[in-house]
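Okay everyone, thanks for coming. I'd like to walk you through one structure today, so let's get it up on the screen.

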Amino acid sequence: MPYPFPPAASMRTLLLFVGVCLCHLSVLAQSPLDVGLHVSPQLRYISSSTPDGVQRRVTTSGKDGLAVGAVAGGYLEYALTDRWYVRGGIDIAYKRNYYATQRTVFEVDSVSSGRNFISYASIELPVAILYRFGYRRNYDTWLLGVATTLTRWGGNPRILSTFSGSTRDDVDYPRRSVTVFGGYETYLSSVIVLGLEPYLSYVPTKFTIENATTSKVRFEAGLSLRLHLDN
């Protein structure tokens, strides 16, 4: 009758083989690729150029303004080292733009106040590189980074103007932008990480709705709320 168990030497070899396999699998489980989601309310500031000085019977010119929009999306993050990371994803943004306007009729010396409101949705492909400082005792950490938008597709804008009839040609979408950001991250569980990242972006959107001035988005600022899985 054959012996029901392998000899001791074979058993040690088998246990060693199983141990090596388990260690290998545990290393593979520590993936450098994380997946996350974010939502980011944002504030856009618009200012207008000075009137061009050309004599017209009726002149429309822009002022300054602020408006609040939002961005949401998903992303992947890859660890290059234990401190440096790259991040890329896809966002859906709702852009709102508001600024005051003025209409002057020189023949009757009449000045009226109005406003422009422009809104549109866009799909964006952002990429970023970031640096995480050393983890604290409770695994919280600070980070800094810089990002750009590879490209964006803007939808048809909705334009409400007190004085001007406008078309899509009056809105010049930038294909790319530059963003700097910082942040703080904390673990909600062993794998779920919550991050708060204030940011500032240069998004040179231009509006040519008035006949005497050009208006531009000078900056875009917001706070990104992020959740990602630490694999």
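Let's start with an arginine and a ring: R87 lies over the face of Y75, and the distance to the ring centre is 5.1 Å. There's another case like that, where R132 has its charged end over the ring of Y85, 4.5 Å from the centre. Before I go on, keep in mind that this is a predicted model.

Now, the rings themselves. How many aromatic pairs does the count come to? Six. Take Y120 and Y173: their ring centres are 4.7 Å apart and the planes sit at 80 degrees, so we call that pair edge-to-face. What I like here is that the pair links distant parts of the chain. Y120 is in strand β5, residues 110–132, while Y173 is in the loop between β8 and β9, and the two are 53 residues apart. Are they buried or exposed? Buried means under 20% relative accessible area. Y120 comes in at 5%, so it counts as buried, and Y173 is buried too, at 15%.

Compare that with Y131 and F133. That pair is edge-to-face as well, with 5.1 Å from centre to centre and 90 degrees between the planes. But Y131, at 22% relative accessibility, counts as partly exposed, and so does F133, at 36%.

Okay, the inside. In soluble globular proteins, nonpolar side chains tend to be buried together. Here, the largest nonpolar core has 10 residues. What does V171 touch, leaving out residues up to four places away in sequence? The list is I118, Y120, P157, I159, T205, K206 and F207. There's also a second, separate core of seven residues, and among them are Y85, L143, A147 and Y199. Y85, remember, is the ring with R132 over it.

Strand β1, residues 33–48, pairs with β3, residues 65–79, in the antiparallel sense, over 14 bridges. If you want a spot to look at, find L37, which stands opposite G74 in β3. β1 is also joined to strand β12, residues 215–229, by 12 bridges, and those two run antiparallel as well. There, S48 has S215 as its bridge partner.

That's my tour, so over to you for questions.

Conventions:
Residues are numbered from 1 along each chain as its sequence is written. This is a predicted model: local features need pLDDT of at least 70, side-chain atom pairs count only at pLDDT 80 or more; totals for chains, interfaces and linings use all residues. Side-chain values use heavy atoms; hydrogens and water are left out. Two strands pair if DSSP finds at least two bridges between them. Helices (H or I, at least four residues) and strands (E, at least two) are DSSP runs, numbered from the N terminus. A nonpolar core is a set of buried Ala, Val, Leu, Ile, Met, Phe, Trp, Tyr and Cys residues joined through side-chain atoms within 4.5 Å. Buried means under 20% relative accessible area, exposed over 50%, partly exposed in between (1.4 Å probe, protein chains only). Contact means heavy atoms within 4.5 Å. Rings of Phe, Tyr and Trp (its six-membered ring) pair if their centres lie within 6.5 Å; planes under 30 degrees apart count as stacked, over 60 as edge-to-face and the rest as tilted. A charge sits over a ring if NZ of Lys or CZ of Arg is within 6 Å of the ring centre and within 35 degrees of the ring normal.
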